[in-house]
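Subject: Structure handover

Hello,

Here is the structure for your files. Please look it over first; notes on what was found follow below.

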Amino acid sequence: MFKLSKLYIITGPAGVGKSTISKKLAEKSAKSVLIEGDEIYHQVVGGYAPAWKEGNHLDVFWKVCINTIKIYLENDYDVVFNYIVTPENLDKLKLAFSAFQIKFAVLMVDEETLMLRDSLRDEDCQMKERCIVLLKSFRNHNYNKNNIFDTSNLSVDDSVDTIMNDNRFVL
């Protein structure tokens with residue numbers, strides 16, 4: 001039997017809407033916390049290295065994330081966690097939180113929608129063509145097809161409602 005609190009893991013390429021959907025998802029719960037993986041990763045100042053480069057601090061990052069998520073779940077908070085989550089990272093999270101219900105959604109959109117959403121960001125936050133590179137990378141990961149969620153033609157509210165209510169996202 002699962003404990004009462006839930007873990008929602010939201011991933012997808014840059015610009016797909018992870019932060020927007022995650023925030024709205026957290027707002028729907030009476031007792032919740034939103035954990036933005038990027039914010040945790042960027043807490044390191046001295047010795048910082050981008051996650052995709054050698055010398056990164058991903059091992060420490062994942063330890064911090066797992067411990068933080070665990071504290072909140074064990075204190076009856078629903079947790080919404082968003083970050084770039086590979087199938088290998090997902091296995092770590094599933095193992096660490098097997099006592100809790102986990103919902104996992106890989107947000108995807110078509111290229112045109114992705115570029116439109118990216119263009120709506122502040123200029124200094126736009127990823128431009130890098131968004132397409134990341135989208136293609138996500139398409140090549142071996143995610144369970146039930147967890148892939150194309151939000152191209154959905155509003156934020158419709159996307160959140162689907163993640164909350166559709167059991168295909170339960171791991």
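A residue is called buried under 20% relative accessible area, exposed over 50%, and partly exposed in between, using a 1.4 Å probe and protein chains only. This is a predicted model, in which local features need pLDDT of at least 70 and side-chain atom pairs count only at pLDDT 80 or more, while totals for chains, interfaces and linings use all residues. Residues are numbered from 1 along each chain as its sequence is written, and side-chain values use heavy atoms, with hydrogens and water left out.

Salt bridges

A salt bridge here is a side-chain nitrogen of Lys or Arg within 4 Å of a carboxyl oxygen of Asp or Glu. The whole structure contains seven of these salt bridges. Three of them are described here, starting with E123.

E123 is exposed, at 57% relative accessibility. Its side chain meets that of K128 in a salt bridge, 3.2 Å from N to O. K128 is partly exposed, at 34%.

A second pair is E27 and K23, whose closest N and O atoms are 2.8 Å apart. Both residues lie in helix α1 (residues 18–27), four residues apart, or about one turn of the helix. Helices are DSSP runs of H or I with at least four residues, numbered from the N terminus. E27 is partly exposed at 49% relative accessibility, and K23 is partly exposed at 46%.

Another pair is D166 and R168, with 3.3 Å between the closest N and O atoms. D166 has a relative accessible area of 27%, which makes it partly exposed, and R168 is partly exposed with 29%.

Helix packing

Helix α3 (residues 58–74) packs against helix α4 (residues 87–96) at an angle of about 35°, and their axes are 11 Å apart. Axes are lines fitted to C-alpha atoms, for helices over the stretch in contact, and angles run from 0 to 180 degrees between N-to-C directions.

Which residues in α3 and α4 meet? From α3 they are W62, I66 and I69, and from α4 they are N89, K92, L93 and A96. Contact means heavy atoms within 4.5 Å. The residues of this contact divide into five nonpolar, one polar and one charged.

Cysteines

The search of the whole structure found zero disulfides, a disulfide being a pair of cysteine sulfur atoms within 2.5 Å. C65 is buried, with a relative accessible area of 0%. C131 is also buried, at 0%.

Regards

Definitions and conventions
Helices (H or I, at least four residues) and strands (E, at least two) are DSSP runs, numbered from the N terminus. Ala, Val, Leu, Ile, Met, Phe, Trp, Tyr, Cys and Pro count as nonpolar, Asp, Glu, Lys and Arg as charged, and the others, Gly among them, as polar.
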